[in-house]
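User: Hi! I'm new to this one, could you walk me through it?
Analyst: Happy to, here it is.
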Amino acid sequence: MFFVDTLEFEGLGNRSYLVGGARRAVAVDPPRDIDQVIAAAVRRGVRIAYVAETHVHNDYVTGGPDLARVTGASYLVPAAAHVSFARTPVADGDTIEVDGGLVLRAVATPGHTPHHTSYVLEQDGRGVAAFTGGSLLIGAVGRPDLVEPRLTEELTRAQHASAHRLAEQLDDDVPVLPTHGFGSFCSSSQSEGDATTIGKERATNDALTLDVDTFVERVLAGLDDVPAYYAHTGPANAAGPAPVDLTPPEPADAGQIARRLAAGEWVVDLRSRVAFAEGHVAGSFNFEGDGKLATYLAWLIPWGKPVTLLAETPGQIADAQRELARVGIDRPAAAATGGPAAWVREGERTASFPRARFADLADVRKRGEETVVLDVRRNSERAAGHVEGSVHIPIHELHGRIGEVPAGTVWVHCTSGMRAAIAASLLNAAGRDVVAVDDGFDAADEAGLTVTRH
């Protein structure tokens, strides 16, 4: 018998896996915070004998080298990957004896990267699970444009061929267990569902239902913005990341928070957007701790800029620190807990701004009041429809383009409210009057606003 334990990282939209038998196991695409993988192995009563990477990741910092060092496991990395550390290179067709009749077989599946390798778990000679990394995902494939622009079309064609190769080798009932595709920007498109099989993908995945030219055209047309921090995580993984340090950051009092803001450092408030709008430290930014904290903070912050975290509890600081370490923001400069009253110096006032619905925006427009409507969604979202007369600056570009926002009170919106809250905090910190539209974009139509569709 065998087991497969799934470790989910919702903030990044990724998964890692621990797979094994009665005594030994393999960790596939482990996260930076390896204690979670070790804890899973302890619960199973197994030794981690192998750590396997499907590819050099762009969207998170791997814990592979550290996990292999701590456990004494063999570190399996695709032979063609350009890395600067010792590892056990694996090539197409290589097999690894895991435990008893369990064998891990390497299958070359280029496309997401040129060296990408999937791993098929075989029991008594039959495939029973496929760890597909960034190759075959749930209803999609890993995006092919993260390595080199000139290789994008070639890698897209390789993705099509790799998907077919997996489908030809495996039975319909074999579970497909990808690393990306649960909200990760490493996926070529977003899809629904959290479980699939080779048979389901054979029937529904574009890579397996479309001819290669149509597939390539569709994938290339659907590629979206690439988070800026990918430019740092990829090289960090190729070099071999240092062990993570999750010890608590230095405590910050109101005076230190003020000094760090004055020095141009980032002070990030992790509370809910509702609480932040009601009162916050002037100049601080709002990235909700239970949203896509790591993705959007790492995307927006100038790389290497010191960051101080504010939250209600130490546990929230610890959770955020762990999440940020996964994308290479290793050590917060400082942290404070409690609330805004404790974070501002005596005699200073907190800042605030109003929240609203699309219906409120419609009422303001009906009264003839001039409004600046700022849409901070991505280009692909904007292309599907936008509020007539709105200004468009994607959230990841806003910090450097605030000067382009027209004068007046800015009503800022996204698709659901989370990114609008980030944008509102950026604008508020820059001294702009802002209203955060905390509403689903579908409500714009319902409120009577004119939505232009393309």
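User: Let's start with strand β5. How many bridges join it to β6?
Analyst: Strand β5 (residues 74-78) runs parallel to β6, and 3 bridges join them. Strands here are DSSP runs of E of at least two residues, helices are runs of H or I of at least four, and both are numbered from the N terminus. Two strands pair if DSSP finds at least two bridges between them.
User: What is the bridge partner of Leu 76 in β6?
Analyst: Leu 76 is partnered by Thr 88.
User: Before we go on, what kind of model is this?
Analyst: A predicted one: local features need pLDDT of at least 70 and side-chain atom pairs count only at pLDDT 80 or more, while totals for chains, interfaces and linings use all residues. Residues are numbered from 1 along each chain as its sequence is written, and side-chain values use heavy atoms, leaving out hydrogens and water.
User: Thanks! Which order do the strands take in the open sheet of 6 strands?
Analyst: The order is β1-β2-β3-β4-β5-β6, with mixed pairing. At the edges, β1 and β6 (88-90) each pair on one side only. From one strand to the next, the twist averages 25 degrees.
User: And which strands does α1 lie across?
Analyst: Helix α1 lies across β1, β2, β3 and β4, at about 150 degrees to β1. Such angles run from 0 to 180 degrees between N-to-C directions, with axes fitted to C-alpha atoms, for helices over the stretch in contact.
User: Which residues of α1 are buried?
Analyst: Val 37, Ala 40 and Ala 41 are buried in α1 (residues 35-44); buried means under 20% relative accessible area and exposed over 50%, with partly exposed in between (1.4 Å probe, protein chains only).
User: Why are they on the same side of α1?
Analyst: Because they cover an arc of only 100 degrees around the axis, taken from the directions from the helix axis to the C-beta atoms. The face turned away from that buried side carries exposed Val 42 and Arg 43.
User: What covers the buried residues?
Analyst: The cover includes β1 (3-9), β2 (14-20), β3 (24-28), β4 (47-52) and α2 (64-71). Contact means heavy atoms within 4.5 Å.
User: Switching topic, how do α10 and α11 pack?
Analyst: Helices α10 (residues 293-300) and α11 (residues 314-325) pack at an angle of about 60 degrees, their axes 9 Å apart. Leu 293, Ala 294 and Leu 297 of α10 make the contact with Ala 320, Glu 323 and Leu 324 of α11.
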